[in-house]
Amino acid sequence: MASAAAGENLKINSERLWDSLMEMAKVGPGVAGGCNRQTLTDEDAEGRKLFQKWCEEAGMTMGVDAMGTMFMTREGTDPEALPVYVGSHLDTQPTGGKYDGVLGVLGALEAVRTMNDLGIKTKHPIVVTNWANEEGARFAPAMLASGVFAGKHTMDYAYARTDLEGKTYGEELERIGWKGNEEVGARKMHAYYELHIEQGPILEAEGKDIGVVTHCQGLWWLEFTLTGKEAHTGSTPMAMRTNAGLAMARILEMVQEVAMDHQPNAVGGVGQMQFNPNSRNVLPGTVVFTVDIRTPSIEKLTSMRSQIEERAAAICDEIGVGCSVEPVGHFDPVTFTPELVSNVRNAAEKLGYSHMDIVSGAGHDACWAAAVAPTTMIMCPCVDGLSHNEAEDITPEWAAAGTDVLMHAVLETAEIVE
């Protein structure tokens, strides 16, 4: 157990945490109150510099790996002890909120600041981490840097990822000056904790302060390319069309059916599509879209993918449309480390915060970290469950509660030294 010297009711400085969140939100502001700080943009570089400044002011030293992930270290008392890593990501969606990912990074920083304020020393070093390209909005797949760290992707694969303008990850990482010299994945972790907003409505609906995350859903991102024939929408008879747009519409409906057939605890949908030539009076020659399916059951995940691919091929065959599928993102369902999950639950109870067990509906860097170290997550509510939206919102009290629990759980694992 953590030493009582830390104080059973030890709390972080909630005003300082909130001020930091609001200050970071000024970097890459969105058009509707949120943020547009996509990975490897100039705004990302500016946010990194601000984070570096705050961490160095808190006495931490910086390391950066060849994927651009930032590791800010608070030394422990035992030079042989492996570090406890804690963090998330600073990159955002194009129309992202102020808290998705950012709370986990700046909450970890605030925990260190509070430890400094109170003179708390730990046996294990604590490393506050900003993983690069968690969102995958600009360079798919999501959680790219942590995936390379965990050995799930190669560096060559990661560096070759392109954005919609054809720019590569490797080139843009060099351009903004954040390609580090550390070998990716060489660091060894004693444990990894990640604080995050829920990005769903359950905690708020249940009136709970803290989500004790026991599992993370597995997912497949399946990129479909449908090939039809460009033709005039007004003068081409209906029976003579090779309509890729129609095939897409039928596939979208089918994905809904497959997800509903796999209830409970399964979801599926499409959030991105591209028509070419994308003209209002031309039937598309090609349609590209990504199907996103998720469930905490590996059996359901495998079944959903198989059914969607088989039924999509049949839909396209029926109307003469070409169909190809490329997996562009995947991870299996994750069960987080029971001991660390218990640390989170115990911290919430000790601090008097209401809590419940929860499964993460979204993917996170913790999903890949779990492949290389004991790992768990902590969640706080968000208003109406809204995320990946500039209207994303949380309260200062929710942010503080999540960070309080994070700090106590980390101290339990990092071992307070008298």
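Okay, before anything else, a definition: buried means under 20% relative accessible area, exposed means over 50%, and partly exposed is in between, using a 1.4 Å probe and protein chains only. By that scale Asp42 counts as partly exposed, because its relative accessibility is 49%.

Quick housekeeping. This is a predicted model, so local features need pLDDT of at least 70 and side-chain atom pairs count only at pLDDT 80 or more, while totals for chains, interfaces and linings use all residues. Residues are numbered from 1 along each chain as its sequence is written, and side-chain values use heavy atoms, with hydrogens and water left out.

Let me stay with Asp42 and talk salt bridges. The cut-off is a side-chain nitrogen of Lys or Arg within 4 Å of a carboxyl oxygen of Asp or Glu. The structure holds 16 of them. One joins Arg175 and Asp42, at 2.8 Å from N to O. Arg175 sits in helix 6 (residues 169-175) and Asp42 in helix 2, so this pair ties together parts that are 133 residues apart in sequence. When I say helix or strand, I mean DSSP runs numbered from the N terminus: H or I with at least four residues for helices, E with at least two for strands. Arg175 is partly exposed too, at 44% relative accessibility.

Next one: Arg138 and Glu172 form a salt bridge, with the closest N and O atoms 2.7 Å apart. Arg138 is in the loop between strand 5 and helix 4 (144-149) and Glu172 is in helix 6, so here the linked parts are 34 residues apart in sequence. Are these two buried or exposed? Arg138 is buried, and so is Glu172.

Then there's Glu165 with Lys167, a salt bridge at 3.3 Å, N to O. Glu165 counts as exposed at 62% relative accessibility, and Lys167 is partly exposed at 35%. As for shared partners, salt bridges join Asp42, Arg138, Asp163, Glu172 and Arg175 into one network.

On to helix 2 itself, residues 42-57. Its 16 residues should span 22 Å at 1.5 Å a residue, and the end C-alpha atoms are 23 Å apart, which agrees. For the record, the expected span is 1.5 Å times one less than the number of residues. Among its buried residues are Asp44, Arg48, Phe51 and Trp54. What covers the buried residues includes helix 1 (14-25), strand 1 (61-64), strand 2, helix 3 (102-118) and strand 5 (126-130); contact here means heavy atoms within 4.5 Å. Just after the helix, Gly59 takes a positive phi of about 85 degrees.

Strand 2 (residues 70-74) brings up Arg74. What Arg74 does have is a polar contact of 3.0 Å with the side chain of Asn116. A polar contact is a pair of N or O atoms within 3.5 Å; within protein, one must be able to donate a hydrogen and the other to accept it, and residues adjacent in sequence count only if both atoms are side-chain atoms.

Now Arg241, in the loop between strand 9 (231-232) and helix 8. Arg241 counts as buried, at 19% relative accessibility. Its side chain reaches the backbone oxygen of Thr233 at 2.7 Å, and a polar atom of that side chain lies 2.9 Å from the backbone oxygen of Thr236.

Helix 8 (residues 244-261) comes next. At its start, a side-chain oxygen of Asn243 is within 2.9 Å of the backbone nitrogen of Gly245.
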